[in-house]
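Welcome, and please load the model in your viewer before reading on. We will go from one selection to the next and see what is there.

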Amino acid sequence: MKILPLSLALACLATPTALTATELQAQKDVIAFNVGVAVEVDAAGKPIKVDAQGDLPESIRAYVEKRVASWQYLPAQVAGVPQSAITYVAVKACAVPVGEGYRLGLDFAGNGPRTAADRKLVPPMYPRLARQRGTEAEFVLILGVEVDGHAVIDQIERADISGRAGATEFEPLLRQWVKSVRFDPEQVAGKPVRGRVRMPVEFNLSGFGNEEASREELQVKAKTSRECQIASGGSEMKPVALQPVVTVTPTPAS
(Lines give C-alpha, C1' and ligand atoms only; values in the text may rest on other atoms or scores of the structure.)
Protein backbone atom coordinates (compact mmCIF):
# COMPACT_ATOMS: atom_id res chain seq x y z
CA MET A 1 0.00 0.00 0.00
CA LYS A 2 1.11 3.57 -0.61
CA ILE A 3 -0.45 6.89 0.38
CA LEU A 4 -0.29 9.54 -2.32
CA PRO A 5 -1.08 13.27 -2.10
CA LEU A 6 -4.58 14.06 -3.36
CA SER A 7 -3.43 16.41 -6.11
CA LEU A 8 -0.97 13.87 -7.50
CA ALA A 9 -3.28 10.88 -7.26
CA LEU A 10 -5.95 12.70 -9.24
CA ALA A 11 -3.69 14.10 -11.92
CA CYS A 12 -4.27 11.52 -14.65
CA LEU A 13 -6.28 8.63 -13.23
CA ALA A 14 -9.21 7.32 -15.24
CA THR A 15 -12.19 7.51 -12.87
CA PRO A 16 -15.54 5.75 -13.24
CA THR A 17 -17.26 9.15 -13.03
CA ALA A 18 -16.15 12.44 -14.55
CA LEU A 19 -15.73 14.46 -11.34
CA THR A 20 -13.42 17.34 -10.53
CA ALA A 21 -10.70 17.04 -7.90
CA THR A 22 -12.77 19.26 -5.57
CA GLU A 23 -15.83 17.05 -5.97
CA LEU A 24 -13.79 13.90 -5.39
CA GLN A 25 -12.25 15.38 -2.25
CA ALA A 26 -15.68 16.39 -0.95
CA GLN A 27 -17.31 13.05 -1.74
CA LYS A 28 -14.34 10.92 -0.74
CA ASP A 29 -14.80 8.79 -3.85
CA VAL A 30 -12.94 5.58 -4.48
CA ILE A 31 -10.97 5.80 -7.73
CA ALA A 32 -10.85 2.51 -9.61
CA PHE A 33 -8.69 2.11 -12.69
CA ASN A 34 -6.85 -0.52 -14.71
CA VAL A 35 -3.21 -0.57 -15.77
CA GLY A 36 -1.59 -2.69 -18.46
CA VAL A 37 2.07 -3.54 -17.91
CA ALA A 38 4.41 -4.94 -20.56
CA VAL A 39 6.94 -7.26 -18.90
CA GLU A 40 10.05 -8.69 -20.55
CA VAL A 41 11.74 -11.51 -18.65
CA ASP A 42 14.96 -13.37 -19.28
CA ALA A 43 15.26 -17.14 -19.48
CA ALA A 44 15.67 -17.31 -15.70
CA GLY A 45 12.37 -15.46 -15.19
CA LYS A 46 13.98 -12.21 -14.06
CA PRO A 47 12.15 -9.06 -15.23
CA ILE A 48 14.54 -6.98 -17.33
CA LYS A 49 12.01 -4.43 -18.56
CA VAL A 50 8.72 -3.41 -16.95
CA ASP A 51 6.64 -0.74 -18.66
CA ALA A 52 3.30 0.45 -17.25
CA GLN A 53 1.07 1.71 -20.04
CA GLY A 54 -1.07 4.83 -20.11
CA ASP A 55 -0.78 8.43 -19.00
CA LEU A 56 -0.01 8.00 -15.31
CA PRO A 57 1.62 10.37 -12.82
CA GLU A 58 5.27 9.43 -12.50
CA SER A 59 5.05 8.37 -8.84
CA ILE A 60 2.10 6.06 -9.57
CA ARG A 61 3.84 4.61 -12.64
CA ALA A 62 6.99 3.95 -10.59
CA TYR A 63 4.99 2.28 -7.82
CA VAL A 64 3.09 0.04 -10.24
CA GLU A 65 6.27 -0.97 -12.09
CA LYS A 66 8.11 -1.69 -8.84
CA ARG A 67 5.32 -3.93 -7.55
CA VAL A 68 4.95 -5.81 -10.84
CA ALA A 69 8.73 -6.26 -11.05
CA SER A 70 8.69 -7.83 -7.57
CA TRP A 71 6.44 -10.67 -8.70
CA GLN A 72 7.79 -14.06 -9.76
CA TYR A 73 7.85 -15.11 -13.42
CA LEU A 74 8.27 -18.51 -15.03
CA PRO A 75 8.72 -18.23 -18.83
CA ALA A 76 8.02 -20.87 -21.44
CA GLN A 77 10.41 -23.58 -22.53
CA VAL A 78 11.33 -24.66 -26.05
CA ALA A 79 12.53 -28.26 -26.31
CA GLY A 80 12.94 -28.24 -22.54
CA VAL A 81 15.11 -25.11 -22.53
CA PRO A 82 13.77 -21.98 -20.74
CA GLN A 83 13.51 -18.96 -23.02
CA SER A 84 13.22 -15.22 -22.65
CA ALA A 85 9.69 -13.94 -23.12
CA ILE A 86 7.42 -10.91 -23.25
CA THR A 87 3.99 -10.98 -21.64
CA TYR A 88 1.37 -8.38 -20.82
CA VAL A 89 0.19 -8.15 -17.22
CA ALA A 90 -3.20 -6.70 -16.33
CA VAL A 91 -3.39 -4.89 -12.99
CA LYS A 92 -6.47 -3.67 -11.15
CA ALA A 93 -5.84 -0.63 -8.99
CA CYS A 94 -7.86 1.19 -6.38
CA ALA A 95 -7.20 4.53 -4.69
CA VAL A 96 -9.03 4.79 -1.35
CA PRO A 97 -9.32 8.20 0.37
CA VAL A 98 -7.10 8.51 3.45
CA GLY A 99 -6.83 11.91 5.13
CA GLU A 100 -5.69 14.43 2.53
CA GLY A 101 -4.54 11.77 0.12
CA TYR A 102 -5.28 8.31 -1.22
CA ARG A 103 -4.04 4.83 -0.35
CA LEU A 104 -3.15 2.94 -3.53
CA GLY A 105 -3.65 -0.83 -3.78
CA LEU A 106 -2.89 -3.20 -6.66
CA ASP A 107 -4.19 -6.62 -7.62
CA PHE A 108 -3.03 -9.05 -10.32
CA ALA A 109 -5.75 -9.54 -12.95
CA GLY A 110 -4.04 -11.98 -15.32
CA ASN A 111 -1.50 -11.93 -18.13
CA GLY A 112 -1.15 -13.02 -21.73
CA PRO A 113 -1.78 -11.33 -25.08
CA ARG A 114 -3.26 -7.85 -24.82
CA THR A 115 -5.42 -5.72 -27.07
CA ALA A 116 -3.22 -3.75 -29.49
CA ALA A 117 -1.31 -1.02 -27.65
CA ASP A 118 -3.49 -1.82 -24.62
CA ARG A 119 -6.38 0.13 -26.11
CA LYS A 120 -9.91 -0.40 -24.81
CA LEU A 121 -12.01 -2.63 -27.01
CA VAL A 122 -14.82 -0.96 -28.90
CA PRO A 123 -17.81 -3.29 -28.39
CA PRO A 124 -19.74 -4.62 -31.38
CA MET A 125 -22.82 -2.80 -32.61
CA TYR A 126 -26.13 -4.00 -31.21
CA PRO A 127 -28.01 -5.92 -33.95
CA ARG A 128 -30.83 -3.70 -35.21
CA LEU A 129 -33.76 -6.14 -35.03
CA ALA A 130 -32.66 -7.60 -31.69
CA ARG A 131 -32.41 -4.12 -30.18
CA GLN A 132 -35.81 -3.08 -31.53
CA ARG A 133 -37.48 -6.22 -30.16
CA GLY A 134 -35.70 -6.17 -26.79
CA THR A 135 -33.65 -9.32 -27.35
CA GLU A 136 -30.55 -9.46 -25.13
CA ALA A 137 -27.63 -11.88 -25.22
CA GLU A 138 -24.47 -12.91 -23.40
CA PHE A 139 -21.62 -14.70 -25.15
CA VAL A 140 -18.29 -16.11 -24.06
CA LEU A 141 -15.92 -16.38 -27.02
CA ILE A 142 -12.66 -18.30 -27.15
CA LEU A 143 -10.44 -16.33 -29.50
CA GLY A 144 -7.27 -17.53 -31.16
CA VAL A 145 -4.71 -14.72 -31.30
CA GLU A 146 -2.50 -15.20 -34.35
CA VAL A 147 1.16 -14.16 -34.48
CA ASP A 148 0.28 -11.13 -36.62
CA GLY A 149 -2.22 -9.89 -34.00
CA HIS A 150 -5.39 -10.88 -35.84
CA ALA A 151 -8.01 -12.85 -33.94
CA VAL A 152 -10.40 -15.62 -34.93
CA ILE A 153 -13.21 -17.30 -33.02
CA ASP A 154 -11.94 -20.75 -32.07
CA GLN A 155 -15.07 -21.56 -30.09
CA ILE A 156 -18.28 -20.03 -28.78
CA GLU A 157 -18.12 -21.32 -25.23
CA ARG A 158 -21.47 -19.92 -24.15
CA ALA A 159 -24.40 -18.21 -25.87
CA ASP A 160 -27.38 -17.13 -23.75
CA ILE A 161 -30.06 -15.30 -25.75
CA SER A 162 -33.16 -13.94 -24.02
CA GLY A 163 -35.58 -13.91 -26.97
CA ARG A 164 -36.14 -15.10 -30.52
CA ALA A 165 -36.51 -11.85 -32.44
CA GLY A 166 -33.19 -11.06 -34.06
CA ALA A 167 -31.45 -13.97 -32.32
CA THR A 168 -29.78 -15.12 -35.53
CA GLU A 169 -28.16 -11.71 -36.00
CA PHE A 170 -25.72 -12.04 -33.12
CA GLU A 171 -23.29 -14.72 -34.29
CA PRO A 172 -22.60 -13.31 -37.81
CA LEU A 173 -22.13 -9.87 -36.27
CA LEU A 174 -19.67 -11.24 -33.69
CA ARG A 175 -17.64 -13.06 -36.32
CA GLN A 176 -17.41 -9.89 -38.40
CA TRP A 177 -16.53 -7.80 -35.35
CA VAL A 178 -13.71 -10.13 -34.27
CA LYS A 179 -12.05 -9.55 -37.65
CA SER A 180 -11.54 -5.93 -36.61
CA VAL A 181 -10.00 -6.74 -33.21
CA ARG A 182 -6.21 -6.60 -32.94
CA PHE A 183 -3.90 -7.96 -30.26
CA ASP A 184 -0.27 -7.75 -29.27
CA PRO A 185 0.71 -11.44 -28.96
CA GLU A 186 3.12 -12.69 -26.35
CA GLN A 187 6.67 -13.45 -27.47
CA VAL A 188 9.03 -16.32 -26.78
CA ALA A 189 12.73 -16.00 -27.67
CA GLY A 190 12.00 -12.79 -29.57
CA LYS A 191 9.24 -14.25 -31.75
CA PRO A 192 5.46 -13.73 -31.41
CA VAL A 193 3.50 -16.86 -30.55
CA ARG A 194 -0.13 -17.84 -31.01
CA GLY A 195 -2.29 -17.48 -27.94
CA ARG A 196 -5.88 -17.91 -26.83
CA VAL A 197 -8.11 -15.62 -24.79
CA ARG A 198 -11.58 -15.92 -23.32
CA MET A 199 -13.70 -12.91 -24.25
CA PRO A 200 -17.09 -12.09 -22.64
CA VAL A 201 -19.43 -10.05 -24.84
CA GLU A 202 -22.76 -8.77 -23.55
CA PHE A 203 -25.68 -7.19 -25.40
CA ASN A 204 -27.71 -5.55 -22.64
CA LEU A 205 -30.37 -2.93 -23.28
CA SER A 206 -30.37 -1.63 -19.69
CA GLY A 207 -27.10 0.21 -20.27
CA PHE A 208 -27.63 0.96 -23.95
CA GLY A 209 -27.53 4.70 -24.57
CA ASN A 210 -27.31 5.50 -20.85
CA GLU A 211 -23.64 6.21 -20.16
CA GLU A 212 -24.35 8.23 -17.02
CA ALA A 213 -26.14 5.27 -15.40
CA SER A 214 -23.25 2.99 -16.38
CA ARG A 215 -20.71 5.31 -14.74
CA GLU A 216 -22.76 5.48 -11.55
CA GLU A 217 -23.01 1.68 -11.51
CA LEU A 218 -19.21 1.38 -11.84
CA GLN A 219 -18.72 3.80 -8.96
CA VAL A 220 -21.05 1.79 -6.70
CA LYS A 221 -19.26 -1.45 -7.60
CA ALA A 222 -15.89 0.15 -6.92
CA LYS A 223 -16.98 1.23 -3.45
CA THR A 224 -18.63 -2.04 -2.42
CA SER A 225 -16.58 -4.77 -4.09
CA ARG A 226 -14.38 -7.07 -2.04
CA GLU A 227 -11.48 -6.49 -4.40
CA CYS A 228 -11.34 -2.79 -3.50
CA GLN A 229 -9.93 -3.74 -0.12
CA ILE A 230 -6.66 -3.84 -2.02
CA ALA A 231 -7.65 -2.99 -5.58
CA SER A 232 -10.59 -2.74 -7.91
CA GLY A 233 -11.43 -2.04 -11.57
CA GLY A 234 -14.42 -1.26 -13.75
CA SER A 235 -16.59 -3.98 -15.22
CA GLU A 236 -15.16 -3.54 -18.70
CA MET A 237 -15.26 -6.14 -21.44
CA LYS A 238 -11.79 -7.62 -21.15
CA PRO A 239 -10.19 -10.75 -22.60
CA VAL A 240 -8.67 -13.30 -20.22
CA ALA A 241 -5.70 -15.31 -21.48
CA LEU A 242 -5.80 -19.10 -21.61
CA GLN A 243 -2.42 -20.75 -21.00
CA PRO A 244 -0.16 -17.66 -21.23
CA VAL A 245 3.47 -18.35 -22.08
CA VAL A 246 4.63 -16.80 -18.80
CA THR A 247 3.34 -17.91 -15.40
CA VAL A 248 3.06 -15.01 -12.95
CA THR A 249 3.00 -15.44 -9.19
CA PRO A 250 2.26 -12.13 -7.42
CA THR A 251 4.01 -11.60 -4.09
CA PRO A 252 2.42 -9.62 -1.22
CA ALA A 253 3.36 -5.99 -0.81
CA SER A 254 5.91 -5.38 1.90
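Which residues does V37 touch, not counting residues up to four places away in sequence? Select V37 in this predicted model and show its surroundings: the contacts are V50, D51, A52, V64, V68, T87, Y88, V89 and V91.

Now widen the selection to the largest nonpolar core, which has 28 residues; V37, V68 and Y73 touch the most other members. At least two residues of this core come from each of β2, β3, α3 (58-69), β7 (85-98) and β8 (101-112). The most come from β2, which gives six. In soluble globular proteins, nonpolar side chains tend to be buried together.

Next, colour strand β2 (residues 31-41) and strand β3 (residues 47-52): the two run antiparallel and are joined by five bridges. For one of these pairs, pick V39, whose bridge partner in β3 is V50. The hairpin has five residues between the strands, and G45 there takes a positive phi near 85°.

Then move to a second, separate core of 21 residues, with A137, L141, V201 and A241 among them. Select strand β10 (residues 137-145): eight of its nine residues are buried, so the strand is largely enclosed by the rest of the structure.

What pairs with β10? Strand β11 (residues 151-161) does, antiparallel and over nine bridges, with L143 partnered by I153. In their hairpin, which has five residues between the strands, look for G149 with its positive phi near 95°.

Finish with strand β15 (residues 195-203), which runs antiparallel to β10 and is joined to β10 by nine bridges. Here, select E138 and its bridge partner E202.

Note on methods
Residues are numbered from 1 along each chain as its sequence is written. This is a predicted model: local features need pLDDT of at least 70, side-chain atom pairs count only at pLDDT 80 or more; totals for chains, interfaces and linings use all residues. Side-chain values use heavy atoms; hydrogens and water are left out. Two strands pair if DSSP finds at least two bridges between them. Helices (H or I, at least four residues) and strands (E, at least two) are DSSP runs, numbered from the N terminus. Buried means under 20% relative accessible area, exposed over 50%, partly exposed in between (1.4 Å probe, protein chains only). A nonpolar core is a set of buried Ala, Val, Leu, Ile, Met, Phe, Trp, Tyr and Cys residues joined through side-chain atoms within 4.5 Å. Contact means heavy atoms within 4.5 Å.
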